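Please keep the sequence and the structure in view while reading.

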Amino acid sequence: MRIGRAAGVTDTGRRRLRNEDAFICEPPLFAVADGMGGARAGEIAAGLAAAALEEADAETRGARGVEALIVEANRRIWERALEDPATAGMGTTVTAALVDAAAGTVAIGHVGDSRAYRLRNGVLEQLTTDHSLVAELVESGILTPEEAEHHPQRSAITRALGTEPSVEVDAFTVDARPGDVFLICSDGLSAMVDDKEVASVVEGAERDVARAAEALVATANAHGGEDNVTVVLFDIAAESSDGAVGAAAQPVAEEPAVAETATGDTTADPHVVAEPEQEDAPSEAGASLRRHGAGPGGRLAAILFILAVLALGALALYWGVVH
Ligand code: MG
């Protein structure tokens with residue numbers, strides 16, 4: 001197996017003024033961090049977590065490797081908060097996935113209530129357990145999962161990165177098969193869109209993970225967009241070489257426009273998209289695109305312009321002939 005396509009999208013949502021989520025979409029490493037804290041502290045915490053994870057190298061392997069990265073991220077956020085009183089108490093969630101193509105596994109490291117899912121044969125399985133108040137109340141039978149979904153305290157987390165000098169990380173490995181789609185998201189998606197709808201949106205995009213990521217964000221916003229929403233998707237392809245799977249393994253084509261899939265939303269929300277090249281392509285030079293929503297009318301305008309030039313030319317020719 002190998003990593004097929006991958007895409008990451010983050011959006012401020014419809015209620016928040018700033019986006020304090022961060023994500024990594026750099027095969028074989030994928031992650032989402034959802035920062036919290038006053039002023040810009042949440043943004044700083046999520047950014048520090050992402051920066052620490054990005055230091056993963058070829059030596060970083062398996063659940064223990066991901067756990068070590070997250071422990072290091074915790075240390076850096078904690079120390080920064082000690083140095084800078086303005087950021088005291090800041091923290092972040094983190095959910096990271098590191099693909100080991102040779103082993104056919106994905107290592108997951110997790111703290112907080114961002115989530116990792118695996119979609120296999122149409123069934124969406126939540127791989128992580130939320131470190132949240134409501135998850136604990138469901139676990140102990142006090143709340144039903146349905147009550148938890150609407151509980152006023154549903155965004156209260158019981159474990160975070162950077163709020164204590166040390167952190168307990170959930171780290172484990174799951175198997176991956178060709179055809180699997182992995183999703184990492186912040187609670188801005190999972191609190192707005194239930195698992196069934198997430199599965200149907202991803203399936204509806206027919207293995208185009210960039211389109212699926214945009215559609216998930218659009219769905220969260222259509223359901224209220226109460227929080228920053230971040231989605232990272234990647235799929236698992238068979239080993240290439242024969243044409244049948246080759247098609248699915250092509251790098252993501254240039255997306256027409258954010259606005260085209262965003263349920264008619266044309267507001268200027270900060271909306272960041274990254275579509276890295278596939279794993280085996282050189283990833284240093286401009287691998288991830290950063291783009292803000294451009295109108296879908298660009299191509300139409302160009303065609304109209306060319307038609308107008310042609311019409312003027314024909315008119316000039318006609319004028320020349322009759323005179
Ligand atoms: Mg959130």
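## A residue in a strand

Where is the place of alanine 97? In this predicted model, alanine 97 lies in strand S5, which covers residues 94-100. Alanine 97 counts as buried because 27 C-beta neighbours fall inside 10 Å, and the threshold for that class is 20 or more. Leaving aside residues up to four places away in sequence, alanine 97 touches Phe30, Val106, Ile108, Ala116, Phe182 and Ile184.

The C-alpha atom of alanine 97 is separated by 8.0 Å from that of proline 28, although the two residues are 69 residues apart along the chain. Most peptide bonds are trans, and most residues other than glycine have a negative phi.

## The chain and its confidence

The chain has 323 residues, of which 45% count as buried, and its secondary structure consists of ten helices and twelve strands. Among contacts between residues at least 6 apart in sequence, 71% join residues at least 24 apart.

The mean pLDDT of the chain is 83, with 79% of the residues reaching 70 or more. Over residues 242-269, however, the pLDDT is below 50, and this stretch has 46 contacts in the model beyond near neighbours in sequence. For residues 278-298 the pLDDT likewise stays under 50, and the model has 38 contacts for them beyond four places in sequence. Where pLDDT is low, the predicted coordinates should not be read in detail.

## The packing of H1 and H2

Helix H1 (residues 41-53) packs with helix H2 (residues 62-83) at an angle of about 140 degrees, and their axes are 9 Å apart. That angle makes H1 oblique to H2, since angles count as roughly antiparallel when they are over 145 degrees. The crossing of the two helices, H1 and H2, is right-handed.

On the H1 side, the residues that meet H2 are Ala45, Leu48, Ala49, Ala52 and Leu53, and their counterparts in H2 are Leu69, Glu72, Ala73, Arg76, Ile77 and Arg80. An α-helix has 3.6 residues a turn, so residues three or four places apart point the same way.

Helix H7 itself (residues 209-222) has 14 residues and reaches 19 Å from its first C-alpha to its last, which is close to the 20 Å expected at 1.5 Å a residue. Of the 14 residues of H7, 13 are buried, so this helix is largely enclosed by the rest of the structure. H7 is followed by glycine 224, whose phi is positive and near 125 degrees.

Conventions. Residues numbered from 1 in each chain as written. Predicted model: local features only at pLDDT ≥ 70, side-chain atom pairs only at ≥ 80, totals over all residues. pLDDT = per-residue confidence, 0-100. Contact = placed C-beta atoms within 7 Å. Helix = DSSP H or I, 4+ residues; strand = E, 2+ residues; numbered from the N terminus. Buried ≥ 20, exposed ≤ 12 C-beta atoms within 10 Å, placed from the backbone. Expected span 1.5 Å × (residues − 1). Axes fitted to C-alpha atoms, helices over the stretch in contact; angles between N-to-C directions. Parallel < 35°, antiparallel > 145°, perpendicular 65-115°, else oblique. Left-handed = near helix turned anticlockwise from the far one by under 90°.
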